[in-house]
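Good morning. Please look at the sequence and the structure on the screen, and I will go through the helix contacts and then the strands.

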Amino acid sequence: MNIDLSLYLVTDAKIATDAGHDLIELMHTAARHGVTTVQVREKDASPRRFLETVLRISETLPPHVSLLVNDRIDVYLAARAAGARVAGVHVGQSDLPVAAVREMIGPDAVLGLSASTEEQLRAAASGAGNVNYVGIGALHATATKKDAPPSLGIVRFAQLVAASALPAVAIGGVTRHDLAGLRRAGAAGAAVVSAVCAAPDPGVAALELRQAWESAA
């Protein structure tokens, strides 16, 4: 898996717009200031609008930043067919089985899976290479994901990372103040939404997150 998960930004167009930001410009700015992976997650967008967003973001990201599509395998496949530089997809526990997803996206695409229990982590690792990384959360209570599981806290997150055979990214209410603890816990990265999308200056916010992650090494 050739992807840097360390600073992982998940889109939320409503949060960005409410904060006075254009989503595409925000992604471009955040990528220039330290974000390494962008996941497009727009639950309320139509398939066409979702695809248009993926295509526009893919055009603005620098080559070293990976682009993932949340849940919508059809959108990922359409974007790839249109020539967009999309690395793969991220799916949840209620989406298609990962074996079916892998069959659809092919062996070279990145496949991430949300998990919040040891049982889910064991299942993710038992698929003979189907899953490349897991997103473990929610670290804290969050309003950005309506179906998020109960918050874990850093101690429980560390236990789950220790139980995971796959690289793990923390998600759910993550701020820069969490990054040192997450890195000590063995996280491969931290996924953020509001910490950047709602920030007055997304570039500054991304840079502070990057510095916090690197200083925790």
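I start with a pair of helices. Pro 47, Phe 50, Leu 51, Val 54 and Leu 55 of helix 3 meet Val 75, Ala 78 and Ala 79 of helix 4. Contact here means heavy atoms within 4.5 Å. Sorted by class, the residues where helix 3 touches helix 4 are eight nonpolar, no polar and no charged. Nonpolar covers Ala, Val, Leu, Ile, Met, Phe, Trp, Tyr, Cys and Pro; charged covers Asp, Glu, Lys and Arg; the others, with Gly among them, are polar.

A word on where this comes from. The model is predicted, with local features needing pLDDT of at least 70 and side-chain atom pairs counting only at pLDDT 80 or more, while totals for chains, interfaces and linings use all residues. Residues are numbered from 1 along each chain as its sequence is written, and side-chain values use heavy atoms, with hydrogens and water left out. Helices (H or I, at least four residues) and strands (E, at least two) are DSSP runs, numbered from the N terminus.

Now the geometry. Two packed helices are described by the angle between their axes and the distance between the axes. At what angle do the axes of helix 3 and helix 4 cross? Helix 3, residues 47-60, and helix 4, residues 73-81, have axes that come within 10 Å and cross at roughly 50 degrees. The axes are lines fitted to C-alpha atoms, for helices over the stretch in contact, and angles run from 0 to 180 degrees between N-to-C directions. Helix 3 and helix 4 are therefore oblique to each other. The cut-offs are under 35 degrees for roughly parallel, over 145 for roughly antiparallel, 65 to 115 for roughly perpendicular, and oblique for the rest.

On to helix 2, residues 23-32, which packs on helix 3 at about 35 degrees with the axes 9 Å apart. This crossing, too, is right-handed. Leu 23, Ile 24, Met 27 and His 28 of helix 2 are in contact with Thr 53, Arg 56, Ile 57 and Thr 60 of helix 3. The classes here are four nonpolar, three polar and one charged.

Next, the strands. In what order do the strands close into a barrel? There are eight, in the order 1-2-3-4-5-6-7-8, and the pairing is parallel. To count as paired, two strands need at least two bridges between them in DSSP. From one strand to the next, the twist averages 25 degrees.

Strand 3, residues 66-70, pairs with strand 4, residues 88-91, over three bridges, and Val 69 stands opposite Val 89. Four bridges join strand 6, residues 133-137, to strand 7, residues 168-171. Ile 136 has Ala 170 of strand 7 as its bridge partner. Ala 170 also stands opposite Ala 190 in strand 8.

Last, two spots in loops. Asp 71, in the loop between strand 3 and helix 4, has a phi near 65 degrees, a positive value in a residue other than glycine. Gly 137 and Ala 138 are joined by a cis peptide bond, with omega about 10 degrees. Ala 138 lies in the loop between strand 6 and helix 7.

Technical notes: A crossing is left-handed if the near helix is turned anticlockwise from the far one by less than a right angle, and right-handed if clockwise.
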